[in-house]
Amino acid sequence: MKIKLLLSALIFTFVILPGFTEITTQDSTSSDYLYSHGHSEAVVDIVQMTKAGINGEEYITSAEARRANDPKFIRWIKNIFIYLDPALDDGKFMNHDIKPSPSYEDL
């Protein structure tokens with residue numbers, strides 16, 4: 001009788017156990033989860049930016065955060081190089097206002 005009870009409890013445990021391993025949408029879109037599953041920094045920024053846009057929040061990408069720590073003169077020099085070579089990353093991926101004509105704000 002004890003063996004049957006023990007086997008029943010063991011089977012019940014193995015049947016119930018996978019139910020506790022669920023991953024919610026919040027978990028699967030977190031930065032740590034995406035990094036640990038091999039996604040790049042750009043993909044993580046896109047996912048977090050999309051989530052912030054849906055929730056009406058502002059999101060600062062990691063590239064913008066790195067550039068914010070630079071002194072103003074260095075940022076100004078970098079902006080000149082970015083203006084001259086559009087292939088350089090300005091750190092405003094998916095987060096800038098596209099205007100039809102250039103202005104001084106581009107620098």
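Trainee: Is isoleucine 3 buried or exposed?

Mentor: This is a predicted model. Start with the cut-off: a residue counts as exposed when its relative accessible area is over 50%. Isoleucine 3 has 60%, so isoleucine 3 is exposed.

Trainee: Where does isoleucine 3 lie?

Mentor: Look at helix α1, residues 2-16. Isoleucine 3 is part of that helix.

Trainee: Which residues make the nonpolar surface patch?

Mentor: Ile3, Leu7, Leu10, Phe14 and Leu17 make the patch. Its area is about 520 Å².

Trainee: Now charges. How many salt bridges does the structure hold?

Mentor: Two. To call one, look for a side-chain nitrogen of Lys or Arg within 4 Å of a carboxyl oxygen of Asp or Glu. Glutamate 41 and arginine 66 form such a pair, with their closest N and O atoms 3.1 Å apart. This pair links distant parts of the chain, 25 residues apart. Glutamate 41 sits in helix α4 (residues 41-55), and arginine 66 in helix α5 (residues 62-68).

Trainee: What is the relative accessible area of glutamate 41?

Mentor: Glutamate 41 has 32%, so this residue is partly exposed.

Trainee: Which residue forms a salt bridge with aspartate 70?

Mentor: Lysine 78 does. Here the closest N and O atoms are 2.7 Å apart.

Trainee: Why is aspartate 70 called buried?

Mentor: Buried means under 20% relative accessible area. Aspartate 70 is called buried because its value is 18%. Lysine 78, at 34%, is partly exposed.

Methods: Residues numbered from 1 in each chain as written. Predicted model: local features only at pLDDT ≥ 70, side-chain atom pairs only at ≥ 80, totals over all residues. Heavy atoms only, no water. Patch = residues over 30% accessible without salt bridge, like charges linked within 9 Å, V, L, I, M, F, W, Y side chains within 5 Å. Areas by Shrake-Rupley, 256 points an atom, 1.4 Å probe, with all protein chains shown as cover. Helix = DSSP H or I, 4+ residues; strand = E, 2+ residues; numbered from the N terminus. Buried < 20%, exposed > 50% of the residue type's maximum accessible area, 1.4 Å probe, protein only.
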